[in-house]
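The plan is to pick a spot, look around it, and jot down what turns up.

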Amino acid sequence: MADKGTATGWESRFLDRPDGARLRLARWGPTPDTPRAAVLILHGRTEFNEKYQETAEDLQRLGFAVWTFDWRGQGLSSRLLADRQRGHVETYDVMADDLAAVIAAVKAEIGDLKLVLLAHSMGGHVAVRYLQTGAAEVAAAILSAPMLGIGNERFPNWLARAMSRTAVALGYAGGYALSQRPWRPGRERFEGNPLTSDRNRHAIQQRWFADNPDLVLGGVTWGWLDQSIRSGAELAVPERAARVAVPTLFAQAGRDVVVSQSAIERVAALTPGAVLKLYPEARHEILMERDEIRDALLADLDAFLKNLGI
């Protein structure tokens, strides 16, 4: 089923999965007459297709066809819990399987055109998990502040790991983790936020949430935290990282406290042929940062792909 998006220039349809979940897949238009390649944008946690309109338009100006989709559990894809606000993950293997299905669907439409992943935060986590299977259906990957480990601003990793495993074992996998809560209008203030130093771009997600409550996602569950910590440890296993068969650019935000900086550096060092690029003044959402920061990432993305002949 196709529908016209409320953001300009895109169309979406649902991709049905064998377990009954539905993923909202979107193609941004207009597609360049002779695109260099197709880019599939993979969102971070809480994000949704509409949020990436500006980035999609930038990529189109660089000559790319652009696709994206809502992960299961967020956006307008199937939610996992009766309380739609709880950010949950069953396993990251399921998420990687969803990504493989989306890639297959996109490739069926783009034919011989090369496909590139542009993945942010949790999307970067799933992308790395997918690439570590040795999959080579994509030509390259750009990972923006990938969530390869959780930031430890509030709790040390050992304590977060112990608490989440205990909560899951006691049957609280679907409950909000400590300090997590539902989204409420006005709660996510710009002042002191860890995501971006750009006030206008910080407001984009909050405006969409206010305008369309079906997009809203709140804090994470104990199950999400447990699975994210477990999967992050697996991604840093050298034998797994060595299986990555495509060129990968790791974009690291220098002022990031949301994800682990050391985890990004460790996985990048283990990944064959990886390039690690630091954006010293960037907070977590590099593509939602002020112009000089996000423009630098887009220029590096462009140069990285041109160097690969894309």
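This is a predicted model: local features need pLDDT of at least 70, side-chain atom pairs count only at pLDDT 80 or more; totals for chains, interfaces and linings use all residues.

**Entry 1: a starting residue**

I began with Arg129, which sits in helix α3. Is Arg129 buried or exposed? Its relative accessible area is 7%, so I put Arg129 down as buried, the cut-off being under 20%. Then I looked up what Arg129 touches, skipping residues up to four places away in sequence. The list reads Tyr92, Asp93, Ser231, Glu234, Leu235 and Arg240.

**Entry 2: α3 against α6**

Ser231, Glu234 and Leu235 belong to the α6 side of a contact with α3, and α6 covers residues 222-235. Two packed helices are described by the angle between their axes and the distance between the axes, so I looked up both. The axes of α3 and α6 come within 11 Å and cross at roughly 45°. That makes the two helices oblique to each other, and the crossing of α3 past α6 is left-handed.

Which residues make the contact? From α3 I wrote down Met122, His125, Val128 and Arg129. From α6 come Trp224, Ser228, Ser231, Gly232, Glu234 and Leu235. Sorted by kind, the residues of this contact are 4 nonpolar, 4 polar and 2 charged.

Next I stepped back to Ser121, in the loop between β6 (115-120) and α3 (122-131). Most residues other than glycine have a negative phi, and most peptide bonds are trans.

I found Thr46 in the loop between β4 and α1 (53-61). At 13% relative accessible area, Thr46 is buried.

What about the peptide bonds: where is one cis? I have one in my notes, the bond from Gly29 to Pro30, with omega near 0°. Pro30 lies in the loop between β3 (22-28) and β4 (37-42).

**Entry 3: α1 against α9**

α1 packs with α9 (residues 291-307) at an angle of about 40°, with the axes 11 Å apart. I wrote "oblique" for this pair as well, because that is what the angle makes α1 and α9. Here α1 passes α9 in a right-handed crossing.

On the α1 side I listed Glu54, Thr55, Asp58 and Leu59, which meet Arg294, Leu298 and Leu301 in α9. The tally for this contact is 3 nonpolar, 1 polar and 3 charged.

**Entry 4: charged pairs**

Side chains of opposite charge can pair when their charged atoms come close.

I followed Arg24 first. Its side chain meets that of Glu50 in a salt bridge, 2.9 Å from N to O. Arg24 is in strand β3 and Glu50 is in the loop between β4 and α1, so to speak distant parts of the chain, 26 residues apart. Both Arg24 and Glu50 are buried.

Arg24 also meets Asp70 in a salt bridge, at 2.7 Å from N to O. Asp70 lies in the loop between β5 (64-69) and α2 (92-110), so this pair ties together parts that are 46 residues apart in sequence. Asp70 is buried, as is Arg24.

Then I went back to α9. There, Asp302 and Lys306 meet in a salt bridge, 3.3 Å from N to O. They are separated by about one helical turn, because they are 4 residues apart in the helix. Which of these two is buried and which is exposed? Asp302 is buried at 12% relative accessible area, whereas Lys306 is exposed at 52%.

Salt bridges that share partners join Glu54, Asp58, Arg61, Asp198, Arg201, Asp291 and Arg294. Among them, Glu54, Asp58 and Arg294 were already on my list for the contact of α1 with α9.

Technical notes: Residues are numbered from 1 along each chain as its sequence is written. Side-chain values use heavy atoms; hydrogens and water are left out. Buried means under 20% relative accessible area, exposed over 50%, partly exposed in between (1.4 Å probe, protein chains only). Axes are lines fitted to C-alpha atoms, for helices over the stretch in contact, and angles run from 0 to 180 degrees between N-to-C directions. Angles under 35 degrees count as roughly parallel, over 145 as roughly antiparallel, 65 to 115 as roughly perpendicular and the rest as oblique. A crossing is left-handed if the near helix is turned anticlockwise from the far one by less than a right angle, and right-handed if clockwise. Contact means heavy atoms within 4.5 Å. Ala, Val, Leu, Ile, Met, Phe, Trp, Tyr, Cys and Pro count as nonpolar, Asp, Glu, Lys and Arg as charged, and the others, Gly among them, as polar. A salt bridge is a side-chain nitrogen of Lys or Arg within 4 Å of a carboxyl oxygen of Asp or Glu.
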